[in-house]
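Subject: Handing over the model

Hi,

Here is the structure I promised to pass on to you.

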Amino acid sequence: MNSAVFAPWEDPQAKPLIQFQNVSKRFGDFTAIDTLSLDIFEREFFALLGPSGCGKTTMMRMLAGFETPTEGHILLGGQDIDPIPPNKRAVNMMFQSYALFPHLSVWENIAFGLRRDNMPKPDLTARVEEMLRLTRLEQFARRKPHQISGGQRQRVALARSLAKAPKLLLLDEPLGALDKKLRQDTQFELMDIQEKTGTTFVIVTHDQEEAMTVASRVAVMDQGKLMQVATPDRIYENPNSVYVADFIGDVNIISGRATSSAEETYSIEWAEGQAPLTATSATAFSAGQSCHLAIRPEKVTISSERPADAANAIQGKVHDIAYLGNLSTYHVELPDGTIIKAQTANTRRISRRSFTWEDPVWLSWTATAAVLLAA
Amino acid sequence: MTIKTLTLTAVIATGVSAAYADEVRVYNWSDYIDEELLSKFEEETGLTLVYDVFDSNEVLETKMLAGGSGYDVVVPTGTFLQRQIQAGAFQKLDAEKLSNAGNLWDVIQDRTAGYDPDNAYSINYMWGTTGLGVNVGKVREILGDDVQLNSMDLVLKPENMEKLAACGVHFLDAPTEIFPMVLQYLGEDPDSHDTDVIGKTEEVLAAVRPHIQKFHSSEYINALANGDICVAVGWSGDILQARDRAAEADNGVEIEYHPFAEGSLMWFDQMAIPVDAPNPEGAHKFLNFILDANNMAAASNYVYYANGNKASQEFLEEDVIGDPAIYPDDATMENLYITTPYPAKTQRVVTRLWTKIKSGT
Amino acid sequence: MRRAILIAVPYVWLLALFLVPFFIVLKISLSDIALAIPPYTPTLDLSQGWAGVRDFFGQLDFENFVWLTEDDLYWKAYLSSVKIALISTVLTLMVGYPIAYGMARAPEEWRPTLMMLVILPFWTSFLIRVYAWMGILSNEGYLNQFLLWTGLISTPLTILNTQTAVYIGIVYTYLPFMILPIYAALERLDGSLIEAAEDLGCSRLQAFWLVTVPLSRPGIIAGCFLVMIPVIGEFVIPSLLGGSGTLMIGKVLWEEFFSNRDWPVASAVAVVLLLILVVPIVLFQRNQQKQTEAGQ
């Protein structure tokens, strides 16, 4: 991933390719998008992530031109595109259903958009061949969509939407119809193609893993609002709300009250008779402010003895074990009934597993492992 | 049927005839009888009357020629009757069972004998003429007040037809009616079976053809009555019906019927008994019932057609017997002619010629 | 055994209701006209035994078919029927397609109602509906009265008993047969295909021609055949609404049968008509089959 060097969103001089300016979209009484502002930069692979009905598809359809904002404006390269119909926008879309034209061959599907631009024949042929090569579809060019596999159809849809070299490519759940194995392969292929073509991609997905894998930045949406827009690692490591923390990956949430104990360090009272937990946070909390502590299961260490130097340690007993092959997730029940999940890599064979049901265990994590969130 | 001959076939035969024995099935033209007569017949004879109707000779003929129609009495027109007799479709009448046969009118009998020699197979029910149905107001408006409403010139002279075309002219879709009419107009024998002579009609008809809106044998009744068309070459009774409908509707349309001054074709609807009639006994009873002077008069008074029953004339109402459109005066009677059916080969030529005239092909 | 019976049912049905009548018609077409009951000869006389059967077949010939080629009336009538059928099929398509399109684009909850409205005319006798058109189209009819009232025309238009009336009647009568298959094709059409076309640079109209029309083609073809095949043999509409100049094979058939009483020639006309119809019927079958295969 090139996000380490590619980060135009951190450059105040950079001009965004797409700007949502206080955009709202209402369907009757229902507000799909609620006064939303967002910048997306050139060459970005931007993911809109959220549960169904969160408004991510509406965002995409507004970009494509199938919907117009009720309020606010959308700018593409500085130009207000609200009045421009879909067929006049330098934006192409890859549909969730692929929407391949069943009466046309793969070749003609890819050429469809180019023909509308009256591209000269040699150029058109060259472009289609190029797209076929890019998506490794050369030998399927003469087939009809119903004669090829799901994965191949997905690639035709991609080739077709890329053929016109749009400034912006929209991908609506592009991998939703593929099985898991194929999906993972295709994710990398997508990233590869995005890098090769240098096109700006906006992808809509409800699959957080997919978003994390492909995107340079992820926008987590809920009920028509942006919850957090950040790089995948920041979204994962530093969620700005319980919602985001909970939506992305697995997380343990412990509620309590924070009190500052040192600079950017807080101790959290979370249960009667239990030692307070320690966590660092750049965000300031006032004394006694109620808060949530979010800890990823893989950051919780499980051991039979109390670790000597752990900043946070709690005793409990194994309630349940989920075996995932490469990983095992232990559900540990604390004295007050709270369940904390701890994940360990299965570096040994299962028969040599250290803990089993009802074993008393210690859970521990460092002060920086958890994220402190305001309630 | 005696018990002695009680074989299997006889059982079936008796079974069938028992079912038909108290039932008489009559197949007549639509709107062609006073329905009170039907119940009167049932009361008098105790038989059940099944009364069906048709509206074209062709339909009736097809049933007759296919055989097994199941009817006891049918009513073909003279020319059709003649051919069907030749095909063996009818049985001879039993004069002993027709006690009222003496009521028949010799004037008509003489003419129907042309179709049915000695009137052995049929009795006359109604008769009429083919002539002109005219919307008096509109025709006078177009052709002037002194136009002759009873002349073939009205529909066979192109200059008249040209003017009438917009208003609408219908001809019967029946070559056996129109060709004799045109032959009469040309001074030829209207009953000619010579295809060369018949061919002479083409020129006359082709000249007026573009101005004829439609050839049809029943639509003109409504079309005349509604004022949709101005002139129709049609059957007397139908046009009189149109006249009455227009009068009833009180729509300002005034229809008149005129037999042609040049001479009109006379036609006869004859009652006959199919050779395979299930109940010939009942059929004769029905014919005899119709032959009754009072009953026949009731029918004519109802449908406004002339009948072939001399004795019934004293019971006819004045607007029937006194209407020259129904009972023509002697001079017109003199002028009326009849035709006989074409042989099959001639019929084919005639039909072909007719199609050519109608469609230009 | 049960399987055999199940398979036998449709075949017996076809045999009894299609094949047997067809062979009877074919047999009559090979006979000669006669003034008798029935009006043709020979008739099979089984009491004569084998000799009777041989005698029967010996008398059959193709004379009537030869006759059909000798008079230009017949091929002109066939041609004119095909022409009228083609024109009215195109007209029906032009009227039916927008209706089907509108139905398929209508909100889901309206569609059953719209569908019922299309089928509704079938609840009334076809003959009565054609007669109703006579009332509408005649010189003193509702249409002329309305047009006179609006002042658009000053003298009544002559529509009834013209070719125009025939086309109106055919389009009206056969419209549901056009609408239903097209509607079925359009309703299945994935709306995202239209969006995809627009997204790739099509205007609304281009998207319609390049995507909607090709994808509804099976429906269009089915509809066209369903209209064209019966219209070629149509008799009632031209005879009630048409003028005398409307030459159609159905009318010629009628005349052979009723006016000429020539059952053999009438049967020959019918056999040839059937052969003419076999071509579009086979094409139609192939279209249906292709559609079924594509659907799998």
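First, the ground rules. This is a predicted model, in which local features need pLDDT of at least 70 and side-chain atom pairs count only at pLDDT 80 or more, while totals for chains, interfaces and linings use all residues. Residues are numbered from 1 along each chain as its sequence is written, chains are lettered from A and ligands numbered from 1 in the order in which they are written, and side-chain values use heavy atoms, with hydrogens and water left out.

How the chains meet

Two pairs of chains are in contact, and chains B and C share the most contacts; contact here means heavy atoms within 4.5 Å. Chain A and chain B have no contact, and their closest C-alpha atoms are 46 Å apart.

Chain A against chain C

On this interface, 20 residues of chain A touch 17 residues of chain C. Together the two chains bury about 1600 Å², with 62% of that on carbon and sulfur atoms. Buried area is the accessible area (1.4 Å probe) that two parts lose on being put together, summed over both. Of the area that chain A buries here, 31% comes from Asn87(A), His103(A) and Arg116(A), more than from any other three residues.

There is one salt bridge between chain A and chain C, where the term stands for a side-chain nitrogen of Lys or Arg within 4 Å of a carboxyl oxygen of Asp or Glu. Arg61(A) makes a salt bridge with Glu195(C), and their closest N and O atoms are 2.6 Å apart.

On the chain A side, α1 (56-64), β6 (91-94) and α2 (106-116) each supply at least two residues. Helices (H or I, at least four residues) and strands (E, at least two) are DSSP runs, numbered from the N terminus.

Inside chain A

An automatic or database domain assignment supplies the bounds, giving domain 1 (8-246) and domain 2 (250-374) of chain A. The contact involves 10 residues of domain 1 and nine of domain 2, and the buried area is about 770 Å², 55% of it from carbon and sulfur atoms. Tyr236(A), Val242(A) and Ala245(A) provide 61% of what domain 1 buries against domain 2, more than any other three residues.

One salt bridge crosses between the domains. Lys299(A) forms a salt bridge with Glu237(A), with 3.0 Å between the closest N and O atoms. On the domain 1 side, α7 (232-237) and α8 (242-247) each supply at least two of the touching residues.

One sheet

Four strands of chain A form an open, antiparallel sheet in the order β2-β1-β4-β5, where strands pair if DSSP finds at least two bridges between them. β2 (30-40) and β5 (79-80) of chain A are at the edges with a single partner strand each, so one side of each has no neighbour in the sheet. β1 (residues 18-27) of chain A pairs with β2(A) over seven bridges, in the antiparallel sense. Arg26(A) has Thr31(A) in β2(A) as its bridge partner.

Best wishes
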